[in-house]
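Thanks for making the time this morning.

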Amino acid sequence: MSSINTNSSLFKEFIQNAVTSPSPKVQKNFMEVMGSIVQIFKKICEDEKLIIDLEYKGKDYWKKAKDFKSCFVDGGVYSNFLSSSAPFAIRAKSFIIKPNEFGKNREKFEDTVGYFGDLYDPNNNIYDLSEDPYEDNQLLTKKKDAARITFEMAAVVKHVFNKQNFKYCFLHGPLQTPIMPFSGPEFPLFKKNVVKTLVPFFKLNDENDLDRHFINIYLNSNKYIQKAKFPIYGIVERTGSTIYLRNILIRAVKKGVLAEHDYDKTVSLIKRYKINDGNLFELILKNSQALKPIEVEKQIPSKAWGDWQNAMDSFPKVFVGYVKTNKNQSPIRIESLNYPKKLIEDYEYILACSKLLPSYGFPVGLDIVDKAARIPSWLGRTAKGYYLKYYLKIALDGNDKNTITSALKSISHGGRSWQKRPKAGKVSK
Amino acid sequence: MSKENIIGKMTKLSSPWIDIGTILGQTSINEYMFYLKKFKAKKGDIVAAESKLPTGEGKVIDVIVWGRIMEIVSTNDFLPNEATKELTEENISIQDTILPLTKNDSICTVKNLGYTENLAGKKMELIPLNYPVSPGGAVKYPSSQDLSKLLNADMKGKNPIFIGNLVARKDVDVYVSADNMVSRHVLVIGMTGAGKSVWVRRAVRELMEKQYPILIFDPHGDNLGIVQKAKKLFPEHEIKLFYPKISAPKNNKEVIFTLIERLGNKLTEPQYEFLNWLLMNIEYETGTSLIDYIKILIQRSNSAAENKRNKSSNGLRGASHTGASTMGVVSRSLRKVEKKLTEMEQSNKSNMDKFPHLKFEELPDPYSQPEKIIAKSQVSILYLKGYESLPSSTIVSILLESLFNHRSVSSNVIPPFFTVLEEAQNFIPSKSEGQDGYPSVSTIKKIATEGRKFGVGLMLVSQRPYRLDETVCSQMNSYIILRLKNERDQNFVKKTMENWDNEEAKQLPNFANGQGIVSGQITNIPLTVQIKFDDDLTNDDIGDEDFINDVKNWKETYISKSKKLLSGKFDKIFKSDQRRPN
């Protein structure tokens with residue numbers, strides 16, 4: 001009540017607006033724009049024959065698909081960046097299943113690749129700190145992201161390298177990520193042994209340090225898995241990407257059915273109205289319909305730092321499609337590095353796997369491996385507690401008041417909590 | 001020290017104990033939880049956990065903590081609920097899909113039973129736990145031999161009797177203490193078909209082996225099989241089958257008065273006064289049939305009324321102010337009582353006639369001939385079928401009172417004995433059921449309280465425990481609890497038994513025939529037992545109900561055919577009757 005009292009005039013207006021006509025103009029306008037955009041894109045998709053119908057007959061389908069051996073890959077990360085240390089754990093797990101087998105042969109949860117260390121520690125690190133020219137802590141998040149992307153890809157690489165006889169392999173997430181953010185000159189290299197472990201097919205050139213750079217490792221991994229004997233798909237839910245709709249427009253421009261200036265205006269409009277592949281194709285596709293994959297370019301060399309423009313140019317193109325797996329969810333994005341040889345068959349498998357998670361509408365195998373790979377919060381919290389206690393112990397052992405204060409500040413979850421701390425105790429300011 | 005070594009060092013195991021799980025992080029003195037290896041144990045199993053305890057001397061000792069698995073919860077975090085919805089609606093077999101089947105996590109809740117210091121010694125005493133088990137410790141599945149050793153430890157001096165096997169482990173035999181059973185009373189409860197008779201036969205058979213005198217009150221003839229079969233199995237034993245003779249001790253006219261009061265018509269104050277006058281003036285000799293005595297009362301009442309009508313005061317001293325009509329009412333009431341008792345006696349007799357091959361004897365006078373009822377190597381069964389609850393209660397009360405007096409006054413007349421009272425709710429009804437006038441209540445209360453001193457043991461058997469007198473039940477030191485579905489009965493069990501928890505109560509409706517909890521002083525620890533079925537002691541004449549076949553083979557008698565025929569003819573006549581007014 002006191003909160004309402006202090007905001008009484010605003011509250012009154014807000015409620016009045018909400019119950020009478022909540023933002024009538026902008027909402028109506030959004031609906032009109034969205035409706036028009038949907039009509040245009042629906043027509044383009046139909047003209048281009050991009051929409052396909054998939055079939056799903058639950059029991060009959062799984063009777064047939066029980067012989068398929070499939071692999072689902074996802075990664076999990078634990079990081080805790082303190083000023084004293086940056087413990088970091090990462091793993092990529094695989095859930096491999098062939099329903100028709102029994103017992104242990106039926107399913108396997110595999111720690112395909114994993115690492116635990118400290119991003120500050122030169123001896124226990126995946127990055128080569130001797131080659132880290134800036135030693136800038138701000139890069140910790142980027143280092144973490146690059147490691148995650150590399151490890152997930154490495155799990156797929158490992159399956160290809162080991163010549164697994166999968167019917168399908170799925171990665172939770174995009175199969176190719178824009179690597180522009182990692183192209184800056186300060187980004188460190190992976191250690192040699194890490195490269196050897198993660199990408200065993202890769203022949204390192206000792207004289208070329210940049211061979212161990214994330215972009216190079218990722219590029220080579222992409223090229224390597226592109227040649228896999230089994231289809232590999234990256235699957236993304238809740239997509240906010242505009243890559244498909246933009247590429248449709250580009251195709252239309254190339255065909256001459258859309259003027260370039262109209263393209264620019266449309267792209268600008270899409271940005272302003274926050275229209276993306278997810279909310280647009282949710283309105284266009286019906287349940288169990290899909291959009292055929294189209295070839296897109298994920299890397300934009302012009303945006304990369306100089307040395308890496310060529311590398312970005314040589315990344316395989318990505319084929320992106322969408323499948324609407326249920327009535328209520330946005331379609332999920334399917335990525336592959338080759339155009340699917342058996343498009344309908346493959347997409348129907350993805351649809352069937354998603355039907356087993358009928359509300360979420362996402363392949364259940366990826367949901368399962370997501371749970372298996374995720375490093376649980378209780379483990380993270382406990383680990384953080386130990387790190388902080390150890391830090392404080394060292395500070396107390398040192399008997400230096402300033403160090404102790406600094407350690408206590410770290411424990412107190414940031415500046416505000418520290419300001420509000422109880423003032424009792426013998427530790428001086 | 002490794003997990004195996006701790007228990008291995010402390011014990012001389014008859015065979016290795018299997019590691020089945022690890023204790024979770026929070027434990028208490030009463031219970032703990034552990035992560036179970038797949039399919040390595042089940043609900044009801046007794047498991048052992050290694051732990052450490054502080055001693056009074058400041059030392060810490062290694063112990064084995066024993067407990068029973070009360071609950072197992074299995075979860076598969078990798079099997080989304082939504083997926084099961086799809087499987088159900090689409091009729092898909094999970095085996096055909098990519099859903100995982102091997103990721104079940106099972107967490108068990110264990111109720112602690114106590115601890116032992118050593119399995120290797122001769123005596124393996126189970127001591128109440130006073131310190132929680134150590135989190136992270138191994139949980140083991142003890143071998144059958146070692147478990148049997150624990151359950152039956154300390155039984156040697158208590159005359160162990162075999163009752164069956166653990167429900168959860170058929171290879172573990174369970175024994176109970178016969179000494180504690182015959183002296184400290186047992187309550188046996190379970191719904192119809194739960195296995196009460198299975199238990200009674202088991203207990204009776206084992207006590208017969210020990211030549212212990214047994215008296216069974218049998219309102220339904222459930223124990224006639226013992227008579228049929230035990231003669232062959234126990235040729236040296238006396239198996240006596242009695243039918244009751246309703247009589248009372250000479251000085252106990254109160255019992256007679258109650259019986260007349262409850263079975264007869266409701267009387268007014270002057271009518272009661274006259275009834276009392278009759279009882280005071282007509283001698284009752286011990287052993288006389290109560291029906292004969294009532295007949296005398298009726299004669300005397302009639303002649304008094306006659307005299308009154310004739311205005312003669314002959315023989316009416318003390319009742320001269322009573323009117324003839326009052327006397328007539330008392331006579332009518334007495335005739336009603338006589339009729340009822342006679343009918344019950346006849347009903348009892350006709351039931352006996354169904355077993356022509358069995359020899360029924362009239363119950364000897366318990367005052368003058370108790371040795372004919374209670375003797376070493378004798379089983380006496382009093383067949384009460386046909387008698388309503390009040391006369392039955394009277395019969396039980398009179399008999400037990402007399403036998404108990406013989407034991408309490410002089411220990412030489414009859415030996416200690418064990419009494420089995422079937423349908424106990426009819427003899428010790430609870431206060432809410434209205435126990436006024438049931439003479440057996442006070443008698444059984446007395447035996448329940450003092451019987452141990454004089455070697456009079458009770459085994460009360462009932463299918464409706466909530467209808468039993470709570471005071472008597474609280475004196476029962478051991479319990480056999482079989483299947484119970486009625487919520488009020490389950491609540492009674494919770495109220496009456498110490499240390500009873502809800503998890504145990506949940507098992508009650510699910511027990512199979514002959515399965516139940518054996519608890520109290522007859523056993524070291526409460527156990528869920530499958531009682532051994534003595535099929536060689538069952539009654540061939542009273543098998544399972546087979547009414548469908550009875551009807552299939554039903555043949556109408558000559559009388560019923562004739563009755564139908566006549567009835568049909570009369571119907572026609574009635575229909576043609578035109579003189580009947582509309």
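Let me begin inside chain A, and let me say at once that what you see is a predicted model. The buried residues of helix H13 of chain A pack against strands E2 (70-79), E3 (87-97), E4 (107-118), E6 (168-172) and E8 (232-236), and also against helix H12 (343-355). Helix H13 covers residues 364-373 of chain A, and nine of its ten residues are buried, so the helix is largely enclosed by the rest of the structure. If you want to pick those residues out on screen, they are Val364(A), Gly365(A), Leu366(A), Asp367(A), Ile368(A), Val369(A), Asp370(A), Ala372(A) and Ala373(A).

Now let me step back to chain A as a whole. Chain A has 16 helices and eleven strands, and its C-alpha trace spans about 75 × 70 × 50 Å along the principal axes. Of the 429 residues in chain A, 49% are buried, while the accessible surface of the chain comes to about 22,500 Å², with 51% of that area belonging to carbon and sulfur atoms. How many positive and negative charges does chain A hold, and how far apart are their mean positions? There are 67 positive and 46 negative charges in chain A, and their mean positions are 6 Å apart. As for the contacts within chain A, if we take those between residues at least 6 apart in sequence, then 72% of them join residues at least 24 apart.

Setting aside residues up to four places away in sequence, Val236(A) touches Gly173(A), Pro174(A), Ile332(A), Arg333(A) and Phe362(A). By way of a distance, the C-alpha atoms of Val236(A) and Ser377(A), which are 141 residues apart along the chain, are separated by 23 Å.

Next comes a pair of helices in chain A. At what angle do helix H8 and helix H10 of chain A pack? Helix H8, residues 243-255, and helix H10, residues 277-284, pack at an angle of about 75°, with their axes 8 Å apart. That makes H8(A) roughly perpendicular to H10(A). On the side of H8(A) the contact is made by Ile243(A), Tyr244(A), Leu245(A) and Ile248(A), and on the side of H10(A) by Asp277(A), Leu280(A) and Phe281(A).

In the loop between H10 and strand E9 (289-296) of chain A we find Ser288(A). Most residues other than glycine have a negative phi, but phi of Ser288(A) is near 65°, a positive value. Is Ser288(A) buried or exposed? Ser288(A) is buried, with a relative accessible area of 13%.

Lys311(B), however, is exposed, with a relative accessible area of 77%. Asn314(B) is also placed in the loop between H9 and H10 of chain B, and at 56% relative accessibility Asn314(B) counts as exposed.

For a helix in chain B that is mostly covered, please look at H6, residues 224-233, in which seven of the ten residues are buried. The buried residues of H6(B), among them Leu224(B), Ile226(B), Val227(B) and Lys229(B), pack against helix H5 (196-209) and strands E10 (214-218), E11 (238-243) and E13 (378-383) of chain B.

Thr528(B) is buried, with a relative accessible area of 10%. Leaving aside neighbours within four places in sequence, its contacts include Arg68(B), Asn165(B), Val167(B), Gln507(B) and Phe511(B). I will stop there and take questions.

Conventions: Residues are numbered from 1 along each chain as its sequence is written. Chains are lettered from A and ligands numbered from 1 in the order in which they are written. This is a predicted model: local features need pLDDT of at least 70, side-chain atom pairs count only at pLDDT 80 or more; totals for chains, interfaces and linings use all residues. Side-chain values use heavy atoms; hydrogens and water are left out. Helices (H or I, at least four residues) and strands (E, at least two) are DSSP runs, numbered from the N terminus. Buried means under 20% relative accessible area, exposed over 50%, partly exposed in between (1.4 Å probe, protein chains only). Contact means heavy atoms within 4.5 Å. Accessible areas come from the Shrake-Rupley method with a 1.4 Å probe; for residues, only the protein chains shown count as cover. Lys and Arg count as positive and Asp and Glu as negative; His and the chain ends are not counted. The place of a charge is taken as NZ of Lys, CZ of Arg, CG of Asp or CD of Glu. Axes are lines fitted to C-alpha atoms, for helices over the stretch in contact, and angles run from 0 to 180 degrees between N-to-C directions. Angles under 35 degrees count as roughly parallel, over 145 as roughly antiparallel, 65 to 115 as roughly perpendicular and the rest as oblique.
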